[in-house]
Amino acid sequence: MHSILDNAFKKAMPITINCDTKLILFSDVHKGDNSYADDFAHNMEIYTHAIHQYYDEGFTYIELGDGIELWENDSFEPIYEAHKNVFELLKLFHEKDRLYLLWGNHDMIFRDPLVVERMVYKLITPKKIKEKEQLFDLTFHESVLLEIENTDKKIFLIHGHQADWLNYKFWKVSRFFVRYFWMPLQKWFNVKDPTSPAKNYKNLIKVERKLKDWMHKNNNQMVIAGHTHRPRFPEPGDLPYFNDGSCVHPNSIIGLEIKDLEISLVKWHTSIDSKDQTKITKTVLEGPKSLDLYL
């Protein structure tokens, strides 16, 4: 697996950041078709509220893979129709050059630019040449390298399935079993998907161990990943492996913010105020901690 991670690191898209940069990192949104299998639907209101606020506050949105659930669904169109308002919000980020998307195992078809172009054109027919050019510069990346301005310090962003052989090399096989076997079994008998590290603890530990082993062999390179759905925020001095959790936790979404060159683990969730009314709240779970402590 080291060669896969080495290649992703070598080909990562560079993004320069400084003290003025504001980033929100989410992953594993798993937007579905709003059916019984759509885990995202339960958190759609929370997620929409959060990214509205991030847009208004000038954040750049980075999605670390599995933004769209294309294992349980064989077509993007019903997903788009089910969550059109969410895609319109992401389009606003894109129009301001504040959107970066990575592909994960559940939306790995987006590594092919032609697939992305056909998908966009089918759903949003541009009326002007300028609009066409803007829409078709939408690119899904395998990895991103955040480079801190005027330093040689870098942060490696990936989905994380690069350390998961079954979900990287044999993702089509895994997709077949999830779509035609595990999803029906989960619906009727609550059988957990053995291909998913989020639902298989042994697989989760194995993926994290492989990532950490690669980091040890690459000068303790700081890594931010998703895939396992397990939030990770190390203490300074520990191996700098971060995980931004997911957007399909029960009644909450979890992500990582980078602001003022500090990193924080945040949770958006519903809460009850003094008037017994439900509101959406952001809670800082960890941090903020200076990136310098990990680089």
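In helix H2, the buried residues are Ile46, Tyr47, Thr48, Ala50, Ile51, Tyr54 and Tyr55. The structure described here is a predicted model. H2 comprises 13 residues and spans 18 Å from its first C-alpha to its last, close to the 18 Å expected at 1.5 Å a residue. An α-helix has 3.6 residues a turn, so residues three or four places apart point the same way. The packing partners of the buried H2 residues are E2, strand E3 (60-64), H4, strand E10 (252-259), E11 and strand E12 (278-290). After H2 comes Gly58, which has a positive phi near 80°.

The largest nonpolar core contains 37 residues, among which Phe26, Tyr47, Tyr54 and Tyr61 touch the most other members. At least two residues of this core are supplied by each of several elements, including E2, helix H2 (44-56), helix H4 (84-95), strand E4 (99-102) and strand E11 (262-272). H2 provides the largest share of this core, six residues. Beyond its neighbours within four places in sequence, Tyr61 contacts Tyr47 and Ile51, as well as residues including Ile24, Phe26, Leu90, Phe93 and Tyr100. A second, separate core consists of 24 residues, among them Ile17, Leu23, Leu64 and Ile254.

Thr21 occupies the loop between strand E1 (13-17) and strand E2 (22-26). Thr21 counts as buried because its relative accessibility is 17%, under the 20% cut-off. The Thr21 side chain reaches the backbone nitrogen of Asn18 at 2.9 Å. When residues up to four places away in sequence are not counted, Thr21 touches Thr16, Ile258, Lys259 and Asp260.

Notes: Residues numbered from 1 in each chain as written. Predicted model: local features only at pLDDT ≥ 70, side-chain atom pairs only at ≥ 80, totals over all residues. Heavy atoms only, no water. Helix = DSSP H or I, 4+ residues; strand = E, 2+ residues; numbered from the N terminus. Buried < 20%, exposed > 50% of the residue type's maximum accessible area, 1.4 Å probe, protein only. Polar contact = N/O pair within 3.5 Å; in protein donor to acceptor, adjacent residues only side chain to side chain. Contact = heavy atoms within 4.5 Å. Core = buried A, V, L, I, M, F, W, Y, C linked by side-chain atoms within 4.5 Å. Expected span 1.5 Å × (residues − 1).
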